[in-house]
Amino acid sequence: MTTAAPTVGARQLRTALRGHASGVAVLTAATPSGPAGVTITSFTSVSAEPALVSFALAETSSTWAKIKDCQRFGIQLLGAAQRDLAERFAAVGVDRFAPPTRWHTGPHGVPLLDDCAAWLVGTRHHQLKLGDHELIVCLVEHVRIGSPGASLVHLHGALHATPSAPPPAPGSPESAESAER
């Protein structure tokens, strides 16, 4: 039996990570009781071949309780103008899918929010309990790219718009990658 090395406290870790910008996304899933969703900053790319992404949710999250048995998930990458949407899906005790939220049913019945920078729909590929969180790795089955523009990030405890990058030059590798989508 191995013993875990002592770690820093949660408060100290959170303080250290406040200066590390994280992209803001909304995770959604279709549940037996209707659509469920939550704002996440734990979304990350895992692999390009096969296409894998991941997110983590606290086991104490009310959203985790609703989606823990779901097999498919929607991940909406938010643009700078979607701060209100991010705040709504982070709020407790509200119907996140009620107006003014605009959404539609996507592939496999997954609820998808309108007007996002990008949408991914994936199937649960692997799950791992890590500390007080569940890490979910999804196999990405569908991607849709929205309008280009500034992104939304979480930094120093608040939501911020990133500067908008110019579109890739014609013939550049980034331009070719965009054309494949």
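Biologist: Is Thr63 buried or exposed?
Modeller: Thr63 is buried, at a relative accessible area of 3%. Buried means under 20% relative accessible area, exposed means over 50%, and partly exposed is in between, with a 1.4 Å probe and protein chains only. Bear in mind that this is a predicted model: local features need pLDDT of at least 70, side-chain atom pairs count only at pLDDT 80 or more, and totals for chains, interfaces and linings use all residues. Residues are numbered from 1 along each chain as its sequence is written, and side-chain values use heavy atoms, with hydrogens and water left out.

Biologist: Where does Thr63 sit, and which side chain does it pair with?
Modeller: Thr63 is in helix H2, residues 62–67. Helices (H or I, at least four residues) and strands (E, at least two) are DSSP runs, numbered from the N terminus. The side chains of Thr63 and Arg96 make a polar contact of 3.1 Å. A polar contact is a pair of N or O atoms within 3.5 Å; within protein, one must be able to donate a hydrogen and the other to accept it, and residues adjacent in sequence count only if both atoms are side-chain atoms.

Biologist: What else does Thr63 touch?
Modeller: Beyond neighbours within four places in sequence, Thr63 is in contact with Gly37, Val38 and Arg96. Contact means heavy atoms within 4.5 Å.

Biologist: On to Thr39. Buried or exposed?
Modeller: Thr39 is buried, with a relative accessible area of 19%. It lies in strand S3, residues 34–40.

Biologist: What lies 2.6 Å from a polar atom of its side chain?
Modeller: The backbone oxygen of Ala86. Ala86 is also among the contacts of Thr39, as are Val24, Leu85 and Phe89, leaving aside neighbours within four places in sequence.

Biologist: And Leu78, how far is it from Thr39?
Modeller: They are 9.7 Å apart, C-alpha to C-alpha, and 39 residues apart in sequence. Leu78 is in the loop between strand S6 (72–77) and helix H3 (83–90). Leu78 counts as buried, at 2% relative accessibility.

Biologist: What does Leu78 touch?
Modeller: Not counting residues up to four places away in sequence, Leu78 touches residues including Val24, Ala86, Cys116, Ser151 and Leu152.

Biologist: How about Thr41?
Modeller: Thr41 is in the loop between S3 and strand S4 (44–47). Thr41 counts as partly exposed, at 37% relative accessibility. Its contacts, leaving aside neighbours within four places in sequence, are Ser22, Gly23, Val24 and His154.

Biologist: Switching to strands. How many bridges join S9 to S10?
Modeller: 12 bridges join S9 (residues 118–130) to S10, and the two run antiparallel. Strands pair if DSSP finds at least two bridges between them. Gly122 stands opposite Val140 in S10. The hairpin of S9 and S10 has two residues between the strands, and Gly131 there takes a positive phi near 60°.

Biologist: Which other strand does S10 bridge to?
Modeller: Strand S5 (residues 52–58) is joined to S10 (residues 133–145) by seven bridges, and they run antiparallel. Leu57 stands opposite Glu134 in S10.

Biologist: Last one. Is Pro163 buried or exposed?
Modeller: Pro163 counts as exposed, at 74% relative accessibility. Pro163 is in the loop between strand S12 (158–161) and helix H4 (173–180). Pro163 and Ala80 are 83 residues apart in sequence and 9.0 Å apart in space, C-alpha to C-alpha.
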